[in-house]
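Open the model in your viewer and keep the sequence panel beside it. This tour tells you what to select and what is there.

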Amino acid sequence: MTRGDKFLLAGLLLIALLSVAVLYGRLSFFPAKTESVQAVITAQGKLVRKIELVEGVKSSFVIRGLGGPSTVETDGARIRMLEAPCSGQICVKEGWIGHPGQTIVCIPGEILIRIEGTAAVDAVTR
Amino acid sequence: MKAAGTRRLVFLALLVAMATALHVVEGMLSIPLPIPGAKLGLANIITLLTLYLYGFRAGLKVSLMRVVLGSLIGGMFLSPGFLLALTGALFSTVVMAVLLKHTSCFSMIGISLAGAVGHNLGQLLAACLLLQSSAIFYYLPVLLIAGIPTGFITGFLLNSLIAHDKKSGILRDFLRA
């Protein structure tokens with residue numbers, strides 16, 4: 001091993017450690033915005049409500065659909081249709097949703113609940 | 001073709017075969033680290049040996065043919081992984097050739113280290129272009145650190161080979177024109 005090798009090795013180690021410090025230090029001091037998940041609710045094609053789904057917060061509210069009022073419930077990062085006046089009850093049976101891209105649709109009431117946000121990774125393949 | 005040219009062709013083909021074998025075997029080994037992209041870089045031994053014996057153009061040919069053949073055998077020809085490997089091989093070969101030809105202060109260890117780091121940089125650059133995202137550069141420190149021991153090991157092996165050659169002349173057949 002020559003002097004040049006040693007300098008190169010030391011230099012590379014230094015650069016590696018510095019870049020670790022800079023990149024991950026920046027991440028820990030200025031963390032990337034935490035993933036925000038929103039539920040967007042539309043009725044008859046019009047936006048009626050947009051709510052942040054925040055962990056630990058519960059709420060419920062009423063959306064006026066075509067067939068009458070429907071009750072929507074949120075619990076932390078998930079949301080469901082609690083009650084609906086329609087006969088099929090498909091939206092209620094859908095249960096809780098909380099992942100970006102998931103939807104609950106009520107055809108008779110023309111209500112659409114859609115989760116928006118940065119999608120988490122489903123799987124990693126090598 | 002003259003005898004010297006034929007001899008060179010045969011030895012280059014041998015080197016390509018060895019590099020391809022190493023490339024494929026290496027693809028079968030799974031490293032017990034959760035770092036996709038980190039590899040031992042065994043095929044780099046042959047690239048550097050070719051550069052040492054026959055110069056830049058031969059080294060480039062051997063490393064590019066190794067990537068193409070290895071990925072054909074491994075079944076990932078023209079896949080994203082293939083493009084990463086190709087760019088990495090290109091970068092490391094160029095870096096090592098420049099250091100080998102224009103500097104004298106490095107042994108094979110230093111050159112191999114620079115080659116390993118060049119390989120990882122090239123890979124990241126290709127990944128950055130493929131994904132259209134520079135966020136992948138957060139991965140740089142990981143690959144830099146992973147490249148240091150593997151570059152060191154390949155360089156050490158070559159140093160031993162060349163030291164052995166000085167005594168016994170095992171590489172002399174390659175160069176006998």
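Select Asn44(B) and show what surrounds the residue. Beyond its neighbours within four places in sequence, Asn44(B) is in contact with Ser92(B), Met96(B), Ser112(B), Gly115(B) and Ala116(B). Contact means heavy atoms within 4.5 Å. Asn44(B) sits in helix H2 of chain B. Helices here are DSSP runs of H or I with at least four residues, strands are E runs of at least two, and both are numbered from the N terminus. Asn44(B) counts as buried, at 12% relative accessibility. The cut-offs for relative accessible area are under 20% for buried and over 50% for exposed, with partly exposed in between (1.4 Å probe, protein chains only).

Before moving on, note the ground rules. This is a predicted model, in which local features need pLDDT of at least 70 and side-chain atom pairs count only at pLDDT 80 or more, while totals for chains, interfaces and linings use all residues. Residues are numbered from 1 along each chain as its sequence is written, chains are lettered from A and ligands numbered from 1 in the order in which they are written, and side-chain values use heavy atoms, with hydrogens and water left out.

Axes are lines fitted to C-alpha atoms, for helices over the stretch in contact, and angles run from 0 to 180 degrees between N-to-C directions.

Now show side chains at the contact. H2(B) contributes Ile45(B), Leu48(B), Leu49(B) and Tyr52(B). From H6(B) come Thr154(B), Leu157(B), Leu158(B), Leu161(B) and Ile162(B). Eight of the contact residues are nonpolar, one is polar and none is charged. Ala, Val, Leu, Ile, Met, Phe, Trp, Tyr, Cys and Pro count as nonpolar, Asp, Glu, Lys and Arg as charged, and the others, Gly among them, as polar.

**Chain B: H5 against H6**

Keep H6(B) and bring in H5(B). The axes of H5(B) and H6(B) come within 7 Å and cross at roughly 145 degrees. Their contact residues divide into 15 nonpolar, nine polar and no charged.

Pick out Asn120(B), which is found in helix H5 of chain B. What does Asn120(B) contact, leaving aside its neighbours within four places in sequence? Leu143(B), Leu144(B) and Gly147(B). Asn120(B) is buried, with a relative accessible area of 9%.

Select H3(B). This helix has 19 residues and reaches 26 Å from its first C-alpha to its last, close to the 27 Å expected at 1.5 Å a residue. The expected span is 1.5 Å times one less than the number of residues. Color its buried residues: Ala58(B), Gly59(B), Val62(B), Ser63(B), Arg66(B), Val67(B), Gly70(B) and Ser71(B). They pack against helix H1 (3–28), H2 and H4 of chain B.

Step past the end of the helix. Gly75(B) follows H3(B) and has a positive phi, near 80 degrees. Next, go to Leu78(B), in the loop between H3 and H4 of chain B. Its phi is near 65 degrees, a positive value in a residue other than glycine. Leu78(B) is exposed, with a relative accessible area of 59%.

Continue into H4(B), residues 80–102. H4(B) has 23 residues and spans 33 Å from first C-alpha to last, close to the 33 Å expected. Its buried residues include Phe82(B), Ala85(B), Ser92(B) and Met96(B). Helices H2, H3 and H5 of chain B are among what covers the buried residues of H4(B).

**Chain A**

Switch to chain A, which has two helices and seven strands. From the N terminus the elements run α-β-β-β-β-β-α-β-β. Buried residues make up 32% of its 126 residues.

Select Gln44(A), in the loop between strand E1 (37–43) and strand E2 (46–52). Phi of Gln44(A) is near 50 degrees, a positive value in a residue other than glycine. Gln44(A) is partly exposed, with a relative accessible area of 33%.

Finish at Glu73(A), in strand E4 (residues 69–75) of chain A. The C-alpha atoms of Glu73(A) and Ser60(A) are separated by 4.2 Å, with the two residues 13 apart along the chain. Contacts of Glu73(A) beyond four places in sequence include Arg78(A), Leu82(A) and Trp96(A).
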